[in-house]
Amino acid sequence: MGLIQIDSVNVLVRSQELPLFARLGPHPRSMIADATANGELFEYWVHEASHVPTEHHHLHRWRMEGTHKWERYWTMTKRRPGYLDEVLRRIELDGPLASGDLNERVGKKGTWWDWDDGKVALEHLFWSGEITAVRRPYDFARVYDLTHRVIPPHVMATPTPSETDARKALLMLAAKHHGVGTMQDLTDYHRQKNPPCKPLLDELVEDGQLLLAQVQGWEKPAYLHPQAKLPRRIDACAFLSPFDPVCWNRNRSERLFGFHYRIEIYTPAPKRIYGYYVLPILWGDSLVGRVDLKADRHNSVLLVQGSYAEPGVPMDELATDVVRELRSMAGWLGLERVHIADRGDLASTLVRVAGHYSSS
């Protein structure tokens with residue numbers, strides 16, 4: 001995948017854990033934290049906030065060295081010249097800290113993005129690569145430290161490529177992870193802009209590193225990675241995070257799978273169609289349905305609050321695999337049982353299949 005997008009919503013499990021479960025099944029839930037502690041992963045703004053291989057650190061330095069248009073940062077530096085150096089000096093002398101350690105707020109916090117100067121300073125230093133961060137396990141807060149004290153020395157010693165070469169390398173990585181994709185697919189993966197990437201893609205095609213392709217049903221031309229393979233059969237059943245690379249690009253998932261998917265977390269409850277935290281179901285090589293899941297940790301229950309299948313999908317066959325996957329997920333999360341609510345066209349079949357399993 002090349003990166004794992006981070007999200008703080010924890011109604012089921014933090015979203016960054018779900019792509020690993022979808023691909024590996026039950027595994028130690030400390031895997032991401034362990035990989036970070038071992039110097040294999042670092043966090044940066046790539047496809048939003050993301051866990052990224054440290055071996056790719058040099059490919060993101062052009063972004064770190066750039067100037068961003070962040071109004072709160074410029075306003076702060078005008079009001080408090082030298083404050084960034086003070087924060088950096090404190091980390092250097094006192095060690096890692098969280099934004100709460102610099103809290104200067106007086107009174108109640110306002111909106112979600114109502115950051116004080118300490119948070120703004122830390123986030124700017126994080127963006128610029130002067131500091132990096134790991135997530136604190138008990139409250140998910142970033143803990144910031146000097147980059148060279150976190151990223152392995154051999155990674156820091158990797159030469160910094162030009163912006164052009166780094167962008168090309170990222171486009172090649174995106175093509176490798178996709179197999180085939182449009183320009184927008186490839187640029188979206190690492191959140192690059194289209195205009196500077198168009199001539200770079202032309203150069204990659206001219207050099208034979210990417211192949212031009214036409215995909216049936218796609219209006220725009222596609223780029224094929226030369227090493228892309230088409231397996232004869234995919235035997236899979238998995239629940240995908242809303243931020244899984246397979247489906248985070250909604251336009252691409254519709255083009256590939258004919259599957260219309262939108263996150264309804266921020267939709268008022270009466271207007272939701274499928275539910276609050278809905279995961280697409282990958283079955284074989286298709287997206288065939290969705291489940292609205294919640295971990296009721298107090299009662300040790302995995303709640304299936306809604307379950308839906310796409311038209312024409314064989315319900316019984318799908319339900320057998322989905323029930324198996326639900327039980328596997330419940331065990332992985334340390335939950336004792338699964339409860340399937342009577343909501344959605346797949347629900348009754350899931351209940352019947354789950355009941356059959358329970359009695360056999």
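Modeller: Here is a quick tour, one region at a time.

Modeller: Keep in mind that this is a predicted model.

Colleague: Start with the sheet that has β4 in it. What is the strand order?

Modeller: The order is β4-β6-β5, in an open sheet of 3 strands with antiparallel pairing. The edges are β4 (97-98) and β5 (131-135), each pairing on one side only.

Colleague: How many bridges join β5 to β6?

Modeller: There are 5, and β5 runs antiparallel to β6 (residues 142-146). Thr 132 sits opposite Asp 145 in β6. Arg 135 has Arg 142 as its bridge partner in β6.

Colleague: What about β4 and β6?

Modeller: 2 bridges join that antiparallel pair. Ala 98 has Val 143 of β6 as its bridge partner.

Colleague: And the turn from β5 to β6, which residue there has a positive phi?

Modeller: Phe 140, at about 70°. The hairpin of β5 and β6 has 6 residues between the strands.

Colleague: Is β6 buried or exposed?

Modeller: Mostly covered: 5 of its 5 residues are buried.

Colleague: Which helices pack on that sheet?

Modeller: Looking again at the sheet, 5 bridges join β5 to β6. Helix α5 (residues 83-94) packs on the sheet and touches β4, β5 and β6. The direction of α5 makes about 85° with that of β6. Helix α6 (residues 117-127) also packs there, touching β4, β5 and β6. For α6 the angle with the direction of β6 is about 60°.

Colleague: On to the cores. Which residues of the largest nonpolar core touch the most other members?

Modeller: Val 87, Ile 91, Leu 122, Ile 131, Leu 186 and Leu 210. That core has 40 residues.

Colleague: Take Ile 91. What does Ile 91 touch?

Modeller: Not counting residues up to four places away in sequence, Ile 91 touches Leu 97, Leu 122, Ile 131, Tyr 144, Asp 145, Leu 146 and Arg 149.

Colleague: Now β13. Why do you call β13 largely enclosed?

Modeller: Because 8 of the 9 residues of β13 (residues 301-309) are buried, the rest of the structure largely encloses that strand.

Colleague: How does β12 pair with β13?

Modeller: Strand β12 (residues 286-296) pairs with β13 in the antiparallel sense, over 8 bridges. Leu 293 stands opposite Val 304 in β13. The hairpin of β12 and β13 has 4 residues between the strands, and Ser 300 there takes a positive phi near 55°.

Colleague: And β13 with β14, parallel or antiparallel?

Modeller: Parallel, with 4 bridges joining β13 to β14. Leu 303 stands opposite His 339 in β14.

Colleague: Tell me about His 339. Where is it?

Modeller: His 339 is in strand β14 (residues 337-340). His 339 counts as partly exposed because its relative accessibility is 42%. Leaving aside neighbours within four places in sequence, His 339 is in contact with Val 301, Leu 302, Leu 303 and Val 304.

Colleague: How far apart are His 339 and Gln 192?

Modeller: They are 42 Å apart in space, C-alpha to C-alpha, and 147 residues apart in sequence.

Colleague: Switching to helices. At what angle do α8 and α10 cross?

Modeller: The axes of α8 (residues 163-178) and α10 (residues 194-206) cross at roughly 70° and come within 10 Å. α8 and α10 are therefore roughly perpendicular to each other.

Colleague: Which residues meet there?

Modeller: From α8, Thr 164, Arg 167, Lys 168, Leu 171 and Met 172. They meet Pro 196, Cys 197, Leu 200, Leu 201, Glu 203 and Leu 204 of α10. The residues of this contact divide into 7 nonpolar, 1 polar and 3 charged.

Colleague: Last one. What is the strand order in the sheet with β1?

Modeller: β1-β3-β2, again an open sheet of 3 strands with antiparallel pairing. The edge strands are β1 (4-5) and β2 (41-46), and each pairs on one side only. 2 bridges join β1 to β3 (residues 48-53), and the two run antiparallel. Ile 4 stands opposite His 51 in β3.

Definitions and conventions. Residues are numbered from 1 along each chain as its sequence is written. This is a predicted model: local features need pLDDT of at least 70, side-chain atom pairs count only at pLDDT 80 or more; totals for chains, interfaces and linings use all residues. Side-chain values use heavy atoms; hydrogens and water are left out. Two strands pair if DSSP finds at least two bridges between them. Axes are lines fitted to C-alpha atoms, for helices over the stretch in contact, and angles run from 0 to 180 degrees between N-to-C directions. Angles under 35 degrees count as roughly parallel, over 145 as roughly antiparallel, 65 to 115 as roughly perpendicular and the rest as oblique. Contact means heavy atoms within 4.5 Å. Ala, Val, Leu, Ile, Met, Phe, Trp, Tyr, Cys and Pro count as nonpolar, Asp, Glu, Lys and Arg as charged, and the others, Gly among them, as polar. Buried means under 20% relative accessible area, exposed over 50%, partly exposed in between (1.4 Å probe, protein chains only). A nonpolar core is a set of buried Ala, Val, Leu, Ile, Met, Phe, Trp, Tyr and Cys residues joined through side-chain atoms within 4.5 Å.
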